[in-house]
Amino acid sequence: IITSSIIDASCNGANDGAIDLTITGGTTPYNIDWSTGEHTEDISGLAAGIYDVTIFDNSGCGAVHVFSVSEPMSIDLSTATITDASCGSADGMITVSVSGGVGGYNYLWSTGSTTSDAANLAAGTYSLSVSDNNLCTGMTIYAVSNATGPSISVEQVIQPACQGGSGEILVSITGGGSPSSY
């Protein structure tokens with residue numbers, strides 16, 4: 001008789017799963033062959049996957065058992081709503097909806113905020129680190145732009161006629177406040 005206890009991997013991609021067998025009956029000693037190459041009753045350090053074990057007792061009676069070690073989905077930070085800042089103001093915002101992991105999320109923004117959103121942001125980049133109840137982490141960087149800032153387009157580049165001569169770059173500006181200064 002074989003009973004088992006499976007411990008799933010704690011994080012996506014982790015190698016900390018285990019399978020604990022209890023073998024009773026038959027004639028000892030047992031010959032145990034895992035698909036991992038191990039010959040012990042219990043195995044550990046497992047990633048998510050399928051594992052099988054073949055067990056023969058001393059009388060030649062055998063059995064094959066198949067086990068599945070699972071893992072949680074990776075922490076996904078791709079769903080975010082970004083409100084750009086007004087030009088020159090710190091009124092931008094990032095709100096994140098986290099999925100994956102095992103829940104119980106803890107947030108840490110580069111601003112020091114520990115909630116699912118970061119507010120009062122100027123234009124710039126902001127990093128977010130999220131951990132779950134298993135201490136699995138996900139990290140990403142978001143960018144807040146200036147909503148009403150100017151847009152500069154290069155219209156024409158005129159190379160100098162001679163080395164050391166002067167050239168020109170013609171640009172056009174749209175948006176932003178008037179007048180623009182160069």
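1. Start with the aromatic rings. In this predicted model, the count comes to two aromatic pairs. The rings of Trp 34 and Phe 67 have centres 5.9 Å apart and planes at 45°, so this pair is tilted. Trp 34 belongs to strand 3 (residues 31-34) and Phe 67 to strand 6 (residues 62-69), so the pair ties together parts that are 33 residues apart in sequence.

2. Buried here means under 20%.

3. Trp 109 sits in strand 9 and Tyr 142 in strand 12. Trp 109 has a relative accessible area of 2% and is buried. Tyr 142, at 8%, also counts as buried.4. Now look at how strands 9, 11 and 12 pair. Strand 9 (residues 106-109) and strand 11 (residues 124-131) are antiparallel partners, with four bridges. In that pairing, Leu 108 has Ser 129 as its bridge partner. Strand 11 also pairs with strand 12 (residues 137-144), again in the antiparallel sense, and eight bridges join them. Here Leu 128 stands opposite Thr 140.

4. Check Ser 131, which lies in strand 11. Its relative accessibility is 16%, so Ser 131 counts as buried. Which residues does Ser 131 touch, leaving out those up to four places away in sequence? They are Ile 75, Gly 104, Tyr 105, Asn 106, Cys 136 and Thr 137.

5. Strands 11 and 12 form a hairpin with five residues between the strands. Leu 135 is found in this loop. Its phi is near 65°, a positive value in a residue other than glycine. Leu 135 has a relative accessible area of 68%, so this residue is exposed. The cut-off for exposed is over 50%.

6. Where is Asn 120 found? Asn 120 is in strand 10 (residues 117-121). With 62% relative accessibility, Asn 120 counts as exposed.

7. Next, a peptide bond. Thr 28 and Pro 29 are joined by a cis peptide bond, with omega about 0°. Pro 29 lies in the loop between strand 2 (17-23) and strand 3. Strand 3 is also the strand that holds Trp 34.

8. Finally, the surface. Which residues make the nonpolar patch of about 470 Å²? They are Ile 152, Val 154, Val 157, Ile 169 and Val 171. Strand 13 (151-158) and strand 14 (168-174) each supply at least two residues. Strand 13 gives the most, with three residues. Ile 169 is in strand 14. At 58% relative accessibility, Ile 169 counts as exposed. In a regular strand, side chains alternate between the two faces of the sheet.

How values were computed:
Residues are numbered from 1 along each chain as its sequence is written. This is a predicted model: local features need pLDDT of at least 70, side-chain atom pairs count only at pLDDT 80 or more; totals for chains, interfaces and linings use all residues. Side-chain values use heavy atoms; hydrogens and water are left out. Two strands pair if DSSP finds at least two bridges between them. Buried means under 20% relative accessible area, exposed over 50%, partly exposed in between (1.4 Å probe, protein chains only). Contact means heavy atoms within 4.5 Å. Rings of Phe, Tyr and Trp (its six-membered ring) pair if their centres lie within 6.5 Å; planes under 30 degrees apart count as stacked, over 60 as edge-to-face and the rest as tilted. Patches are made of residues with over 30% relative accessible area and no salt bridge: like charges are joined within 9 Å, nonpolar side chains (Val, Leu, Ile, Met, Phe, Trp, Tyr) within 5 Å. Accessible areas come from the Shrake-Rupley method with a 1.4 Å probe; for residues, only the protein chains shown count as cover. A salt bridge is a side-chain nitrogen of Lys or Arg within 4 Å of a carboxyl oxygen of Asp or Glu.
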